[in-house]
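Student: Can you walk me through this one? I'd like the fold order to begin with.

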Amino acid sequence: MAVFYNKERGKLGSLSGTIISFSRQLLSNDPVDSDNKKILPAGYLRCDGSVLFATEYPVLAEVLGTGGECKFKKETQFLENNQFQLPDLRNKHIR
């Protein structure tokens with residue numbers, strides 16, 4: 001299912017797990033905050049190192065990996081098998 005979803009999503013926008021740089025600063029970490037809803041397109045998350053559950057974002061969890069296999073897991077962070085961590089790109093320049 002993830003392959004089919006990514007193929008269809010790729011026709012309209014970016015694929016799951018794509019990192020896109022926005023030139024505006026987000027003031028809140030809450031994805032449902034009204035300011036974040038105005039700035040970020042629907043379905044996008046802030047790369048701030050947040051730990052999320054795979055049940056909430058199954059396709060993204062499949063791309064990033066879960067638990068100890070998570071690609072962006074910090075060394076000091078403990079993740080359960082149903083969790084994954086977003087990359088922390090705050091104060092970093094993306095090329």
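Tutor: This is a predicted model. Starting at the N terminus, the chain's elements follow the order α-α-β-α-β. That gives 3 helices and 2 strands.

Student: How much of the chain is buried?

Tutor: Of the 95 residues, 25% are buried. The accessible surface is about 7,200 Å², and carbon and sulfur atoms hold 52% of that area.

Student: Which residues make up the largest nonpolar core?

Tutor: There are 9 of them: Leu52, Ala54, Leu60, Ala61, Leu64, Cys70, Leu79, Phe84 and Leu86. Helix H3, residues 58–64, contributes the most to this core, with 3 residues.

Student: And what does Cys70 touch?

Tutor: Leaving out residues up to four places away in sequence, Cys70 touches Leu64, Gly65, Leu79, Phe84 and Gln85. Among these, Leu64, Leu79 and Phe84 are also listed in the core.

Student: Switching to Lys74. Where is it?

Tutor: Lys74 lies in the loop between H3 and strand S2, which spans 83–85.

Student: Why does Lys74 count as partly exposed?

Tutor: Because its relative accessibility is 35%, and partly exposed covers the range between under 20% for buried and over 50% for exposed.

Student: Which residues does Lys74 touch, beyond those up to four places away in sequence?

Tutor: Lys74 touches Gln85 and Asp88. Gln85 is also one of the residues that Cys70 touches.

Student: How far apart are Lys74 and Leu86?

Tutor: They are 12 residues apart in sequence, and 9.8 Å separates their C-alpha atoms.

Conventions
Residues are numbered from 1 along each chain as its sequence is written. This is a predicted model: local features need pLDDT of at least 70, side-chain atom pairs count only at pLDDT 80 or more; totals for chains, interfaces and linings use all residues. Side-chain values use heavy atoms; hydrogens and water are left out. Helices (H or I, at least four residues) and strands (E, at least two) are DSSP runs, numbered from the N terminus. Buried means under 20% relative accessible area, exposed over 50%, partly exposed in between (1.4 Å probe, protein chains only). Accessible areas come from the Shrake-Rupley method with a 1.4 Å probe; for residues, only the protein chains shown count as cover. A nonpolar core is a set of buried Ala, Val, Leu, Ile, Met, Phe, Trp, Tyr and Cys residues joined through side-chain atoms within 4.5 Å. Contact means heavy atoms within 4.5 Å.
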